[in-house]
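Here's a quick briefing to read with the model open beside you. Have a look at the fold before going on.

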Amino acid sequence: MAPYRILSMDGGGSWALIQVKALIALFGNQATGHEVLSQFDLAAANSGGSIVLGCLIENFTLQQILDFFHDEGQRKAVFSKTNKIGDQVLNEVIGIGPRYSADKKLPALQQALPRRGNLLLSEAVADIRRENGDDSIHALILGFDYDRTRAAFFRSKTVDGPSWGSGGAAEVTLAEAIHASTNAPVNYFDGPARFPNRPGRYWDGAVSGCNNPVLAAVTEAVGLKQDPHEIVALSLGTANNALPWPQPGDPPSLYTQPPSKTGLRSDVKKLATAILDDPPDAATFVAHVMTGCGAGLDPAVSDSRIIRMNPLVSPRKSAARANDPWSAPGGMTHDQFEYIFNLDMDAVETAEVDAITQYADLWLKDEVLNQPVRMNGDLLKREVGQDTFSAAKAAWEKISR
């Protein structure tokens, strides 16, 4: 019997094009969204990943989804500048504050998903089934309920049981669920996401600790009465920054992690972006533990049922470089590395998206590190999982059979 397969896709704005390129490497650029989803039982996504999921549900080809992210007009329709003068001034003066309009985002998403965007989430996936399966896939899109200050799970079917309580199917459309999930607060959108004909106000699911939704997805699968040891998950990220910590005896390096600045401005910015940092990374490891820490798998194939595919924006180390053991990966110059390292989640300009694309291509060729399930963050050394894309791809192809 084939394992229960999960597709999980992180948030990350335009960086979600990395997920599309990973799917193309797995399925080919002309695979349709429904063909991809037919390889999974459950698909979970947050923020930028929910846009990819919406396009898969719409049944675009993977090439069409990639073209969507490369279309500057499409990007700027979703990330439409706010007209609120106070927010504009705040951002220009201190570099903190909303830059984009929440109210303009929903119409842009509805226009981008003309066939299924206005269907209830359950209706949008009703005819999408696991290959040779009888039931529709389960879709899960993550958000944060602004008024109730708790996680919001937009799911396509009810999840309940005597030990779980009941989580009902979402009474929102596909586009509305994506609208809620993509509404990153503080430094991005100027207010909570709202729906025209339904109550509720929402922020991005990253505020719920679900920027990487794989742990929520595994929990959902267990709630659907799946044996944790029969679950496998493909967790697609949107790149994570990682600098090594200076080690005693190492010469000074341009690429090691400096101590963080303190002060109100720095602290507010760090807090506003913390939703993208360690809790989402920890989710992958906790999901690994929940699914048995790889027990029963051939260790030559994989040491985990969670396969993480996510490029690290990090340097590479070589003992041959005596003056500085760390250097930019993939033949990049220091300036090129610094540019991609400092690039924000809301990359909308063509040069920014091109830089993300080029970095993703280096990752697909194993010239930059893949984020494993767990690593020594000081030394950037893998402890669980795979540290190259090709190793992660080979592991997924074997454990998902």
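This is a predicted model: local features need pLDDT of at least 70, side-chain atom pairs count only at pLDDT 80 or more; totals for chains, interfaces and linings use all residues.

Residues are numbered from 1 along each chain as its sequence is written, and side-chain values use heavy atoms, with hydrogens and water left out.

- The largest nonpolar core has 94 residues, and L56, F154 and M309 have the most contacts inside it. A nonpolar core here is a set of buried Ala, Val, Leu, Ile, Met, Phe, Trp, Tyr and Cys residues joined through side-chain atoms within 4.5 Å.
- Helix α14 (residues 350–364) gives this core its largest share, 7 residues.
- Another core, of 20 residues, lies apart from it, with Y4, A216, A221 and I231 among them.
- All 11 of the 11 residues of helix α3 (residues 48–58) are buried, so this helix is largely enclosed by the rest of the structure. Buried means under 20% relative accessible area, exposed over 50%, and partly exposed in between (1.4 Å probe, protein chains only). Helices (H or I, at least four residues) and strands (E, at least two) are DSSP runs, numbered from the N terminus.
- Just after α3, N59 takes a positive phi of about 75°.

- Q19 sits in helix α1 (residues 17–27) and is buried, at a relative accessible area of 1%. Not counting residues up to four places away in sequence, Q19 touches M9, D10, G49, V52, L236, G237 and T238; contact means heavy atoms within 4.5 Å.
- H288 belongs to helix α12 (residues 278–290) and is buried too, with a relative accessible area of 4%. The C-alpha atoms of H288 and L215 are separated by 8.7 Å, though the two are 73 residues apart along the chain.

**Cavities**

- The structure holds 4 cavities of 30 Å³ or more. On a 1 Å grid over the protein atoms alone, a cavity is a set of points where a 1.4 Å probe fits but cannot get out, and lining residues have an atom within 4 Å of a point. Grid points are joined across faces, edges and corners, and a volume is the space filled by probe spheres set on the points.
- The largest cavity holds about 70 Å³ of space, and its lining includes K105, T182, F189 and M345.

**Salt bridges**

- There are 19 salt bridges in the structure, each a side-chain nitrogen of Lys or Arg within 4 Å of a carboxyl oxygen of Asp or Glu.
- K21 pairs with D361, the closest N and O atoms being 3.0 Å apart. This bridge links helix α1 to helix α14, 340 residues apart; K21 counts as buried at 13% relative accessibility, while D361 is partly exposed at 29%.
- R130 and D41 meet at 2.3 Å, N to O, and the two are 89 residues apart. R130 is buried at 13% relative accessibility, and D41 counts as buried at 18%.
- R198 and E176 also form a salt bridge (2.6 Å, N to O).

Definitions and conventions: On a 1 Å grid over the protein atoms alone, a cavity is a set of points where a 1.4 Å probe fits but cannot get out, and a pocket is an open set with protein on both sides within 12 Å along at least five of seven lines; lining residues have an atom within 4 Å of a point.
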